[in-house]
Amino acid sequence: MADPLSAQQYKDSLVVSFSDTLKTKKLDEVVIIANPSSNYLRENKALGSLDSYLESSSSINMIRRGAYAWEPMLNGMATERSVVTIDGMRIFQACTDKMDPVTSYVENTNLSRAKINDGQSGTEFGGTIAGSIDLMRRKSGFNSGRKSGGSAFVGFESNNKQQIYGSTLNYSDKRFFTDIDFTHREADNYRAGFRKGQSSEVNFSQFTKNNLSAITGFKINENQELQGSLIYDKATDVGYPGLPMDASLAKATIASLEYRYRIPSKYEGLLWETKIYFNTITHVMDDSHRPSVPMHMDMPGWSKTKGFYTKLKGNYKNQTFSTTLSGYKNNSLAEMTMYPENPREPEMFMLTWPDVNTMYSGLNVADNISFSSSLGLLVQGGLGMHQNKIASESGLNSLQLFYPKLKSAKTRMLRSLYSEISYQHKKFLYQFGIGYGDRAPSVSEGYGFYLLNVNDNYDYVGNPDLKNEETINFNAAATFETAKVSVKGKVTCFYITDYIIPKKNERISPMSMGANGVKIYEQLNHASILNAGMNLDYKMFTNWIFSANASYRYGEGTGNTILPLMQPFVYKMNLRFARKSYFAEASVEGSSKNRNSIEFGETQKPGYFIANAALSKNFVLGNQKLILKLGVENLFDRYYSTFDDWSGIPRMGRNIYSNLIFKF
Ligand SMILES: [Cu+2]
């Protein structure tokens with residue numbers, strides 16, 4: 001659940017942070033990620049996946065290709081249109097079939113919260129259309145006294161026999177802190193809801209994941225500190241029931257070093273922060289467990305990124321400003337080897353991502369002015385240079401079959417401008433933002449070579465001649481808040497020109513066996529996307545809270561093109577009771593039927609409605625704590641599938657879970 005108050009526990013030791021000093025509020029949203037080191041009673045399922053936390057934002061829905069590694073869609077747009085970072089680090093997936101969004105390489109225990117910025121307010125680390133999701137690392141920070149502690153936890157979920165084990169350890173004092181955590185997850189196939197006379201097991205939906213992370217800070221002196229962070233994540237034997245193949249390995253190493261300097265100045269909180277980082281991802285697809293594979297294939301992919309950012313932020317009179325210079329170099333490479341049934345026929349080899357180097361460097365400036373305690377203005381702008389270069393000669397030659405004049409390198413300028421006004425009147429807060437910006441095509445959109453999309457069963461071929469996709473976005477929000485009730489409504493609209501979308505091409509025949517044909521990325525003159533969300537929190541009586549949230553998205557492009565994967569009306573309501581060491585929650589959630597895009601192979605899914613319940617109890621044992629959580633999801637074992645379930649795979653049926661956390 002989004003709860004901005006809890007964000008205050010992550011105080012910065014060197015400086016009052018950018019947003020903390022603001023008298024006026026910004027439109028961005030913070031999703032608190034619960035984990036065994038944070039506040040448990042707030043969350044029904046402390047050991048749930050990161051994906052389930054992100055989904056609680058009304059701007060995000062998740063595409064599921066199985067039980068693992070869901071893809072976060074921000075404002076109804078897939079990951080090419082958003083910037084996903086971990087503490088400001090750019091990371092790019094290594095799978096041509098989107099099996100491994102960046103969010104799949106972290107764990108709850110690594111993170112404290114996710115910051116979501118819609119549209120052009122999310123351009124600090126690169127060009128975007130939909131906005132940005134920054135996953136922020138969990139860390140103890142420096143402490144005036146000496147503090148150490150940790151946790152050990154174990155969880156079990158009945159539906160897919162998921163076992164979760166792990167522990168966290170932390171130490172902090174005046175000059176030094178360190179946080180180390182480890183999480184292991186292992187699950188069998190999950191079961192869908194009940195259907196008479198049919199097996200509910202969803203084959204190829206198992207997974208195993210191990211994650212280890214460490215973050216350490218060292219204070220050089222009163223004004224300077226160093227921070228190092230490392231995340232190692234390895235998933236093996238991951239099944240994808242929504243795809244024709246699985247992944248035998250998805251592995252990431254994510255490392256960074258950060259230097260922070262509080263510049264002595266008469267202006268409060270002038271901070272200079274610099275980070276260098278490196279991450280490497282290996283992804284190996286595997287079809288060897290699938291029955292009736294027409295032709296066995298090996299499809300590994302690699303993505304390596306190194307980058308930096310350097311940021312100056314501070315306050316000047318009634319202004320809070322921030323300037324960020326950032327840059328990265330990513331290398332994306334993916335191959336496909338096909339082994340014909342007849343061993344005498346030669347193997348076929350091709351590069352599906354032709355060793356593409358992407359270089360980016362950009363400057364982003366933001367200034368937040370408080371005219372009075374009730375009126376604020378944010379102005380933000382950025383300029384970036386983006387270059388793609390095909391490093392592989394054979395990859396270039398293959399693409400030249402379709403684009404004879406293709407050169408190996410292409411450079412683009414990326415621009416962004418955003419402004420936001422906020423006005424507080426009594427218990428009402430009004431916010432209005434307007435932005436303009438553009439983005440470069442992704443590696444798949446520009447250079448992908450025969451990437452099978454199972455949803456519409458077409459091979460997708462990239463188009464290096466694509467122009468930048470441009471957007472104008474508007475957001476408006478109104479919040480009413482009293483001690484008892486808080487209501488927020490938000491609307492975000494995007495008018496996108498040169499909208500990048502794959503379109504059928506009859507002249508090229510497909511490579512994948514049984515594919516319907518080939519689609520090439522083209523650009524629609526324009527497309528419009530609307531996203532509306534609403535949240536209500538109502539403290540009915542002492543100890544009782546009722547919350548409701550709902551969201552809806554709509555997308556349409558030139559020539560009556562219905563944009564794919566648009567979320568219909570989705571709602572969730574819950575009633576919570578918390579008293580001393582007890583916590584109980586009952587919730588219902590559901591959706592209306594979706595407006596499906598036939599062009600993209602979508603079928604209409606009927607609405608659904610499910611119910612969940614949870615209980616937890618906190619035992620205090622001297623200085624230690626034991627937390628027990630029990631719950632059931634999809635209580636009535638309903639069978640359902642939604643618009644974001646890839647190739648129509650059903651969702652999980654009844655699931656009973658238990659979490660046991662020992663905190664010391
Ligand atoms: Cu893959």
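Modeller: Two strands count as a pair once DSSP finds at least two bridges between them, and a strand is itself a DSSP run (E, at least two residues; helices are H or I, at least four), numbered from the N terminus. Strand β1 (residues 29-32) and β6 meet that rule with 4 bridges, in the antiparallel sense. The model is predicted, and local features need pLDDT of at least 70, side-chain atom pairs count only at pLDDT 80 or more, while totals for chains, interfaces and linings use all residues. Numbering starts from 1 along each chain as its sequence is written, and side-chain values use heavy atoms, with hydrogens and water left out.

Biologist: What makes β1 and β5 edge strands?

Modeller: Look at the order of the open sheet of 5 strands, β1-β6-β7-β4-β5, with mixed pairing. β1 and β5 each have a single partner strand, so one side of each has no neighbour in the sheet, and that puts them at the edges.

Biologist: And why is β6 called mostly covered?

Modeller: Buried means a relative accessible area under 20%, exposed is over 50%, and partly exposed is in between (1.4 Å probe, protein chains only). In β6, 7 of the 8 residues are buried.

Biologist: On to the metal. How do you know which protein atoms are donors of the copper ion?

Modeller: A donor is an N, O or S atom within 2.8 Å of the metal (3.2 Å for Na, K and Ca), and since water is not among the atoms, a site may look incomplete. Cys-95 (SG), Met-99 (SD), His-283 (NE2) and Met-285 (SD) lie 2.0 to 2.7 Å from the copper ion, which makes them its protein donors.

Biologist: Why is the arrangement around the copper ion called tetrahedral?

Modeller: Four donors are tetrahedral if all angles lie between 85 and 135 degrees; four are square planar, and six octahedral, if opposite donors are over 155 degrees apart and all others between 65 and 115, and anything else is irregular. The 4 donor atoms here subtend 94 to 124°, so tetrahedral is the label. As a reference, the ideal angle for four tetrahedral donors is 109.5 degrees.

Biologist: How are the donor residues of the copper ion spaced in sequence?

Modeller: The pattern is C-x3-M-x183-H-x1-M. Cys-95 sits in the loop between β5 (89-90) and β6 (111-118), and Met-285 in strand β14 (residues 271-286), 190 residues apart, so this pair links distant parts of the chain.

Biologist: Are Cys-95 and Met-285 buried or exposed?

Modeller: Cys-95 has 0% relative accessibility and therefore counts as buried. Met-285, at 4%, is buried too.

Biologist: What makes the second largest pocket a pocket, and what lines it?

Modeller: On a 1 Å grid over the protein atoms alone, a pocket is an open set of points with protein on both sides within 12 Å along at least five of seven lines, and lining residues have an atom within 4 Å of a point. This pocket has 23 lining residues, with Pro-244, Met-245, Pro-294, Met-297 and Leu-452 nearest its centre. β15 (296-316), β16 (319-339) and β21 (451-453) each give two or more residues to the lining. About 400 Å³ of space lies inside, a volume being the space filled by probe spheres set on grid points joined across faces, edges and corners.

Biologist: How do the lining residues divide by type?

Modeller: 16 are nonpolar, 4 polar and 3 charged. Ala, Val, Leu, Ile, Met, Phe, Trp, Tyr, Cys and Pro count as nonpolar, Asp, Glu, Lys and Arg as charged, and the others, Gly among them, as polar.

Biologist: How many bridges join β8 and β9?

Modeller: Strand β8 (residues 147-157) and strand β9 (residues 162-172) pair antiparallel over 11 bridges, with Lys-147 partnered by Ser-172. They form a hairpin with 4 residues between them, and Lys-161 in the turn has a positive phi of about 50°.

Methods. 1 Å grid on protein atoms, 1.4 Å probe; cavity = no way out; pocket = protein on both sides within 12 Å on 5 of 7 lines; lining within 4 Å.
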